[in-house]
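Colleague: I would like to learn how to read a few features of a model. Could you take them one at a time?

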Amino acid sequence: MKKVIGILLVGILMMTVFVGCQSQTTSQESEVIKIAVAGPLTGDFAEYGTGFSNAAALMVEQWNEAGGVLGQQIELVVFDDKNTGEEAATIAERIAGDKDIKAVIGHFASGVAMVASPTYQEAGILNISPSASHPDFSGEGDFIFRNNTVIDIEAQVAVNLAIDTLDKKNVGILSVRTDWGTSTADITKDLVEKAGGTVVDHQEVVDGTIDFSSNITRLHSADADVIIVVGMYNTLGPFASQYKAVNPEIELVGFSNAYSQQLINLAQENAENIHFPTIFFHGSVEENVSSFVSAYEAKYGSSPSSLTAQAYDSAGIILKAIENAGTADRSAIKDEVSKLVYDGVTGETKFEDNGDAIKAFSLVKIENGQFIEVK
Amino acid sequence: MILDQLVNGLALGMVYALIAVGYSLVFGILRLINFSHGSVYAFGAHMAMVFVGMEYGIVPALIFSIILTGMLGIAIDKLALAPLRAKNSKRIAALITTIGVSYIIQNLLMIVYGSETKFFPKLFDYGNINIGRVSIGTTQLFIVGVSLVLLVLLSYIIKKTKIGLAMRAVEQNHKAASLMGIDVNFIVTFTFFLGGASAAIAGTLISGYYQVVYPNMGFLAGLKAFSAAVLGGIGILHGAIVGGLIVGVSESFAAAYLGGTYRDAVAFVILIAVLLVKPTGLFGKKGNIKV
């Protein structure tokens with residue numbers, strides 16, 4: 001029995017050594033400046049996290065080729081949080097404990113990001129989430145920033161799309177039951193009423209649902225003309241296909257995190273005429289945007305989504321702040337970020353006092369299997 | 001509206017029935033709940049997706065998928081379960097092994113095909129048929145039709161053919177069947193093949209219905225089908241069918257009247273209720289083995 005316990009203990013010891021390896025591969029101290037990226041690299045939302053790390057890697061590569069920052073090379077450390085709070089909490093502890101890591105890009109979902117952010121705040125390490133849009137996220141502290149708009153601003157644009165641009169008054173809402181989904185749906189409901197529309201029905205589904213037939217039957221019999229879908233592409237895609245089988249005339253409005261090439265792949269011809277508000281439009285003619293898009297496509301073989309572009313800018317903001325500060329001290333970086341005006345692929349970014357970025361929206365729709373800008 | 005939901009639920013229920021049959025077949029022969037069955041179903045859907053992508057048409061794709069998934073079923077038995085049987089391991093060991101196998105398959109699918117939700121073309125879509133205010137999708141009719149034909153075929157194999165007789169003999173008593181000259185190992189292999197094949201068909205039907213494929217699609221569907229099998233009386237074929245329909249319809253009604261967030265809970269509420277009230281299931285007789 002003792003032998004078994006001994007072997008188990010050795011096993012556990014070995015495991016911790018191997019787990020530790022990941023973040024200690026190049027431990028020639030402070031030879032490099034480390035930036036962490038944390039997001040879901042496996043699981044349902046893997047492509048968002050992969051997009052974050054790809055985009056950040058591209059930005060870091062461009063800086064490194066130009067000689068790095070403060071004469072040092074930059075190294076990216078990537079963590080997989082599987083989009084779960086448990087993993088995110090562990091990762092946050094590890095990042096906070098590694099003195100070489102100067103800033104964190106990430107955590108994808110608002111709920112997950114808000115599990116990790118108190119740890120970052122406590123350790124005094126800069127955290128920029130490219131995606132968290134929950135109103136309370138940036139309120140966690142002065143080290144917590146978001147390079148994304150707060151949801152009520154985006155929801156207002158989505159509601160305007162539905163009621164003014166598409167000119168429909170009977171609004172149905174489908175939302176996913178997550179922190180983000182529930183609060184966005186509530187905000188959207190109020191905004192629809194204020195804009196002169198009527199919310200005819202609101203259906204809530206568990207994230208990852210693929211069978212929407214019951215919800216569609218309800219929304220359809222409530223005579224909805226337009227559905228605002230509060231969910232990712234993996235909700236919006238099948239929902240669009242199934243709804244258009246029942247009512248081909250239905251208009252759909254999504255949110256910017258459903259703005260992804262994957263949506264068109266998934267819903268094919270049923271994706272036609274879905275509208276979105278978005279900060280970043282990959283077909284834009286602006287020079288810095290098109291060169292980013294072509295560099296990204298050349299390296300990773302897919303086009304960057306809105307959130308990917310925001311991750312790219314987040315990395316740029318951090319590196320620019322280190323350069324301006326002239327030191328890689330964690331709190332000096334934070335001070336610089338709050339002063340910075342950064343001109344990136346998602347437009348000009350400036351953070352408000354509470355850490356929220358203020359951005360302008362473009363309106364995008366899908367036509368002939370392509371995203372095009374709505375004027 | 002109620003009739004619409006009933007139609008939605010019946011189509012879903014037929015697919016659960018097809019998956020549930022896989023649990024029942026294996027349980028009947030080996031007295032083992034094969035928890036890898038959900039992943040086998042996801043595997044079948046992925047294979048169909050790959051072959052549909054090669055543009056030979058849906059029927060050859062389905063046949064390839066059935067053969068490969070059936071072979072996966074056999075492989076699970078030969079590689080993971082047969083060695084345990086040979087060593088006379090405890091039943092719980094085999095049960096846990098199937099859970100492990102399920103994760104292996106699921107993760108392999110993620111590694112090979114990526115974890116994102118992928119597109120699957122719609123099967124047999126000729127729009128909707130409207131009867132009064134009720135609208136029935138042709139895809140739904142197709143699902144019900146195909147499942148019915150398959151379930152009848154499976155019942156025929158088990159009730160009327162020689163190999164079915166052998167299966168029933170093995171179900172009664174392994175040793176006696178073996179003494180009567182039945183190749184028990186072959187029967188087990190054949191059962192796993194049938195289970196895999198029915199899972200492949202269920203996976204393809206569901207993917208064609210919702211037009212999506214993803215690696216962990218089998219997890220919840222598998223658990224719900226398991227509830228269906230227990231509800232009908234595990235090991236009993238027609239029980240699995242009735243159980244599947246009940247679970248499908250109640251899920252559809254729960255989604256419509258209690259809200260989408262309760263849909264997944266219903267199957268498990270049924271499972272717990274059955275285990276408390278009538279552990280042998282609806283069609284189980286006294287003396288039948290309980291789960």
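Modeller: What follows covers a helix, a serine and an interface.

Modeller: This is a predicted model, in which local features need pLDDT of at least 70, side-chain atom pairs count only at pLDDT 80 or more, and totals for chains, interfaces and linings use all residues. Residues are numbered from 1 along each chain as its sequence is written, chains are lettered from A and ligands numbered from 1 in the order in which they are written, and side-chain values use heavy atoms, with hydrogens and water left out.

Colleague: What span should helix H10 of chain A have?

Modeller: Helices (H or I, at least four residues) and strands (E, at least two) are DSSP runs, numbered from the N terminus. The expected span is 1.5 Å times one less than the number of residues. For the 14 residues of H10(A), 287-300, that gives 20 Å, and the end C-alpha atoms are 20 Å apart, which agrees.

Colleague: Which residues of H10(A) are buried?

Modeller: Buried means under 20% relative accessible area, exposed over 50%, and partly exposed in between (1.4 Å probe, protein chains only). In H10(A), Val289(A), Phe292(A), Val293(A) and Tyr296(A) are buried. Seen down the axis, they fall within an arc of 100°, so they line one face of the helix; the arc is taken over directions from the helix axis to the C-beta atoms. Glu287(A) and Ala298(A), on the other side, are exposed.

Colleague: What covers the buried residues of H10(A)?

Modeller: Contact means heavy atoms within 4.5 Å. The cover includes helix H2 (46-65) and helix H11 (306-325) of chain A.

Colleague: Is Ser110(A) buried or exposed?

Modeller: Ser110(A), in helix H4 (residues 110-123) of chain A, is buried, with a relative accessible area of 4%. Its side chain reaches the backbone nitrogen of Ser133(A) at 3.0 Å and that of His134(A) at 3.1 Å.

Colleague: How is the size of an interface given?

Modeller: It is often given as the accessible area lost when the parts come together. Here buried area uses a 1.4 Å probe and is summed over both parts. Between chain A and chain B it is about 2300 Å², of which carbon and sulfur atoms give 51%. The contact takes 31 residues from chain A and 28 residues from chain B.

Colleague: Which side chains meet in a salt bridge?

Modeller: A salt bridge is a side-chain nitrogen of Lys or Arg within 4 Å of a carboxyl oxygen of Asp or Glu. The rule finds one across this interface: Asp211(A) with Arg263(B), at 2.6 Å, N to O. On the side of chain A that touches chain B, H8(A) gives the most, with seven residues.

Terms used:
Polar contact = N/O pair within 3.5 Å; in protein donor to acceptor, adjacent residues only side chain to side chain. Buried area = accessible area lost by both parts, 1.4 Å probe.
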